[in-house]
Amino acid sequence: MSGVGLGIGFTFVVILIIIALALISSCVKVVPQAHAYILEELGGYKDTWGVGIHWKWPIIDKVAKRVNLKEQVVDFPPQPVITKDNVTMRIDTVVFFQITDPKLFAYGVENPIMAIENLTATTLRNIIGDLELDETLTSREVINTKMRASLDAATDPWGIKVNRVELKNIIPPAAINEAMEKQMKAEREKRESILIAQGEKESAILVAQGKKEAAILDAEAEKQAAILRAEAKKEATIREAEGQAEAILAVQKANADGIRFLNEAAPGQGVLALKSLEAFTKAADGKATKIIIPSEIQGLAGLAKSVVEVAEK
């Protein structure tokens, strides 16, 4: 019996140890990074645990809420909105938020995500209601800024900070979408026509400029050619004049040399008479029909004839 009692006692002790270890493990909590735990004591708020290891009393204390402090993203489904010009469209939004106060987040609102979704829908309707369709399609940045400011102010009592709000998609009605596509097609065709016209205009301008430059080059070439021809003609005239001057100079020099030779030779009266006759012969040059010879020259001619006859004998 003692052995059985000892075994029962040992089992009881083991069970007590296991229960104690379980209680101790349940009372020790480790809070991970970027998280916070809300601790309640007998149903009331007691403390907010940050990162690290913490102890709570069993049964009396309990972790009421585990809060994620990381930035979170919530994608809400498309919400129907009406623009200022009575066009109904659907817009879906994406909200980036972060919990800054775990206590306010735990006790501020029953369902924070649902509250943010409803608040986003109402804020979006208010903003879009003041804009027309074209403004809605082209003012995304303005809408995002207004929504972020409104949501951030509204969620501050809940311990939530809205960092960004983005309009993920704007879905207009089918008829509006078709009209916009036609308008875009017409605009593209218009731009295409403008580009073609501009290309043709630039091409015509380039062709005209090319013809103009070619005409200028031709005129310049003709001018240079005329200048070169004039210079060549001038040089030829100069060379011809120089040649004639040299020829005249040579003739004059030859005449001077002949005269000087005659002077040095002291010619007689007969030689002079012969030279005079030669001069008259050259003067006639076969073109004159009559030659009038002075009487003095005639006497000299007779004398010359006598001299020739004597020389022949």
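Which residues does Thr 93 touch, not counting residues up to four places away in sequence?

1. **Basis.** This is a predicted model, where local features need pLDDT of at least 70, side-chain atom pairs count only at pLDDT 80 or more, and totals for chains, interfaces and linings use all residues. Residues are numbered from 1 along each chain as its sequence is written, and side-chain values use heavy atoms, with hydrogens and water left out.

2. **Thr 93.** The contacts of Thr 93 are Val 74, Asp 75, Phe 76, Thr 120, Leu 124, Met 147, Glu 166, Leu 167 and Lys 168. Contact means heavy atoms within 4.5 Å. Thr 93 sits in strand β8 (residues 88-99). Its relative accessible area is 3%, so Thr 93 is buried. Buried means under 20% relative accessible area, exposed over 50%, and partly exposed in between (1.4 Å probe, protein chains only).

3. **Chain overview.** The protein chain has 8 helices and 9 strands. These are DSSP runs numbered from the N terminus: helices are H or I with at least four residues, strands E with at least two. Of the 313 residues, 19% are buried. Among contacts between residues at least 6 apart in sequence, 63% join residues at least 24 apart.

4. **Main core.** The largest nonpolar core has 28 residues. Such a core is a set of buried Ala, Val, Leu, Ile, Met, Phe, Trp, Tyr and Cys residues joined through side-chain atoms within 4.5 Å. Ile 91, Val 95, Ile 116, Leu 124, Ile 143, Met 147 and Leu 167 touch the most other members. Elements giving two or more residues to this core are β8, α3 (112-128), α5 (140-155) and β9 (160-171). A second, separate core of 5 residues includes Val 31, Tyr 37, Leu 39 and Val 63.

5. **Gln 79.** Gln 79 lies in strand β7 (residues 79-82). Gln 79 is buried, with a relative accessible area of 15%. Leaving aside neighbours within four places in sequence, its contacts are Met 89, Arg 90, Ile 91, Glu 117, Ala 121 and Arg 125. Ile 91 in turn touches Gln 79, and its other contacts include Pro 77, Val 81, Leu 124 and Leu 167.

6. **Open sheet.** Three strands form an open sheet in the order β3-β2-β5, with antiparallel pairing. Strands pair if DSSP finds at least two bridges between them. β3 (44-49) and β5 (61-68) stand at the edges with a single partner strand each, so one side of each has no neighbour in the sheet. Strand β2 (residues 35-41) pairs with β3 over 5 bridges. Glu 40 stands opposite Tyr 45 in β3.
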